[in-house]
Structures are given as structure tokens and as C-alpha cells.
Amino acid sequence: MGKPTLLALDTSTEACSVALLHQGEITYLDEVAQRTHTKRILPMVDEILGLSGLTLNQLDALVFGRGPGSFTGVRVGASVAQGLAFGADLPVIAVSNLTAMAQAAYEQYQAEQVLCAIDARMNEVYFSALKAEKMRGEFGEFLHWQEMLREQVCSPEHLLAQCQTLTGSWATVGTGWQAYPLLSELGKGSEITLPSAKYMLSVAMPMWFNQEMISATDIEPIYLRNEVTWQKLPGRE
């Protein structure tokens with residue numbers, strides 16, 4: 001099986017990003033566009049495809065950041081991914097924004113144990129503790145991120161209490177650490193604050209080879225807060 005052509009997009013936080021894996025090379029666009037995701041994401045998709053001379057129909061799959069993140073941002077990303085994938089009849093790979101930041105910490109700093117926290121407002125954070133396991137498949141070596149502490153929304157106090165159960169050295173990523181004074185000491189030195197579609201491609205690669213994909217109609221954003229609901233495309237429940 002040859003290397004796939006994958007397009008990744010993410011609007012789940014203040015960051016708005018698109019990345020393309022084509023012929024083994026990654027190109028990407030990253031912007032901070034907190035209130036203009038809906039205006040920027042499709043032009044960014046067009047730009048990155050145009051630079052490579054590709055159309056959506058030439059992709060093997062579409063990757064998107066399925067959350068957690070801001071309610072509006074997660075909803076925008078899921079809606080855009082659903083529309084693009086449905087229109088071009090593409091399979092979809094859903095990637096956690098927290099896992100994407102852990103992947104960034106590994107690629108940039110060789111961190112294999114990562115605490116991920118995104119500010120969820122209302123004195124809460126979206127949080128997970130991930131440990132990298134190096135694995136080998138038919139397509140080469142890849143990372144599997146094991147949840148040592150499950151993906152959740154919790155208070156800073158509960159985050160700290162759970163971290164007491166962990167051993168070893170842990171890197172920290174995400175906006176959550178500096179959002180709350182209680183977490184600032186633990187998160188000191190954290191330079192990766194927002195997820196990027198670039199690193200979602202690295203997470204998605206083994207998922208593509210292992211056929212861990214869904215259809216456009218099965219896309220569901222992950223909010224972690226139960227009171228938020230998601231409506232699929234009309235008539236495609």
C-alpha cells in the first residue's frame with residue numbers, strides 16, 4: 001500500500017489550520033483566527049490544494065480535528081469536514097485535538113509522556129494524559145498514544161489530583177496551563193499552546209493504513225460537555 005494523500009483541517013480552538021500530505025511531503029497553513037474560522041477555512045483549503053495542483057477528488061481521505069475545543073470552533077470544523085467529505089465521497093479520519101498536541105510535543109521535543117490541557121472556560125479544562133508507544137506496521141514505525149488519564153473536562157483542582165497518580169517526567173501542552181493560576185507552575189515552559197492540522201496528519205497516517213475511518217454521515221464532534229448537541233446533515237441521521 002503506497003503513501004496516501006490526506007488533507008487535514010482544524011478549527012476547534014483559536015487556531016485555524018489546514019495541512020496536506022502528498023507524495024510523502026507535508027505542507028500546511030496555520031493562522032490564529034478566533035472569530036473568522038467560517039470565512040478562512042475554505043479559502044485555506046483551496047489555497048493548499050491549489051499549491052499542490054490537487055482537487056478534493058484526488059485525496060484518499062479527509063482528516064479533521066473532532067475536538068475538544070470551543071463549541072463554535074468544533075461545530076465549524078465538523079460541518080466543513082462533513083460537507084467536503086460528502087461532496088467528494090471521501091472517507092474521514094477523526095483526530096483528537098489533545099492527541100494532536102501530544103504528537104507535536106513528540107515531534108518537536110521528543111516528549112513521550114504528555115499532559116494536554118485546553119482552556120474550557122467556566123473554571124474547567126479539557127484534559128488528557130497520553131503516553132507514546134512506538135509500534136511498527138507494514139508501513140513502518142509509528143506512534144500509538146495510550147490514554148493514561150482519559151480525555152475529559154474537569155476543574156484545575158481535579159486535574160492536579162489525577163496527576164498525583166502519574167510517575168515519571170511529563171511535558172505539558174495546551175492553553176489550559178496558563179489560563180488558571182493553580183496550573184501555571186505545572187505548565188511552566190509549555191510552548192505548544194494550540195493544536196495544528198500538521199500534526200493531525202501524523203496521528204491519522206496509521207489510522208488510514210489500519211482502515212480506522214468513518215463516513216461523512218457518521219461525523220460527530222467531541223465536546224465533552226453533555227449539554228451540547230450536534231445535528232447531522234438533514235435526512236442523514
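Predicted model: local features only at pLDDT ≥ 70, side-chain atom pairs only at ≥ 80, totals over all residues.
Local features were taken at pLDDT of at least 70 and side-chain atom pairs at pLDDT 80 or more, whereas totals for chains, interfaces and linings use all residues. Residues are numbered from 1 along each chain as its sequence is written, and side-chain values use heavy atoms, with hydrogens and water left out.

Helices (H or I, at least four residues) and strands (E, at least two) are DSSP runs, numbered from the N terminus. In helix α4 (residues 156–163), the buried residues (under 20% relative accessible area, with exposed over 50% and partly exposed in between; 1.4 Å probe, protein chains only) are P156, L159, Q162 and C163. These residues lie on the same side of α4, because they cover an arc of only 125 degrees around the axis; the arc is that of the directions from the helix axis to the C-beta atoms. The buried residues of α4 pack against the strands β6 (113–119), β7 (125–137) and β8 (140–154), and against the helices α5 (176–179) and α6 (181–184), where contact means heavy atoms within 4.5 Å.

Rings of Phe, Tyr and Trp (its six-membered ring) pair if their centres lie within 6.5 Å; planes under 30 degrees apart count as stacked, over 60 as edge-to-face and the rest as tilted. By this rule there are 2 aromatic pairs. The pair of F71 and Y223 is edge-to-face, because the ring centres are 5.8 Å apart and the planes stand at 85 degrees. This pair links distant parts of the chain, 152 residues apart: F71 is in helix α2 (residues 71–88) and Y223 in the segment after α7 (197–209). F71 is partly exposed, at 26% relative accessible area, while Y223 is buried, at 5%. W208 and F209 also form an edge-to-face pair, with 5.1 Å centre to centre and 85 degrees between the planes. Both W208 and F209 are buried.
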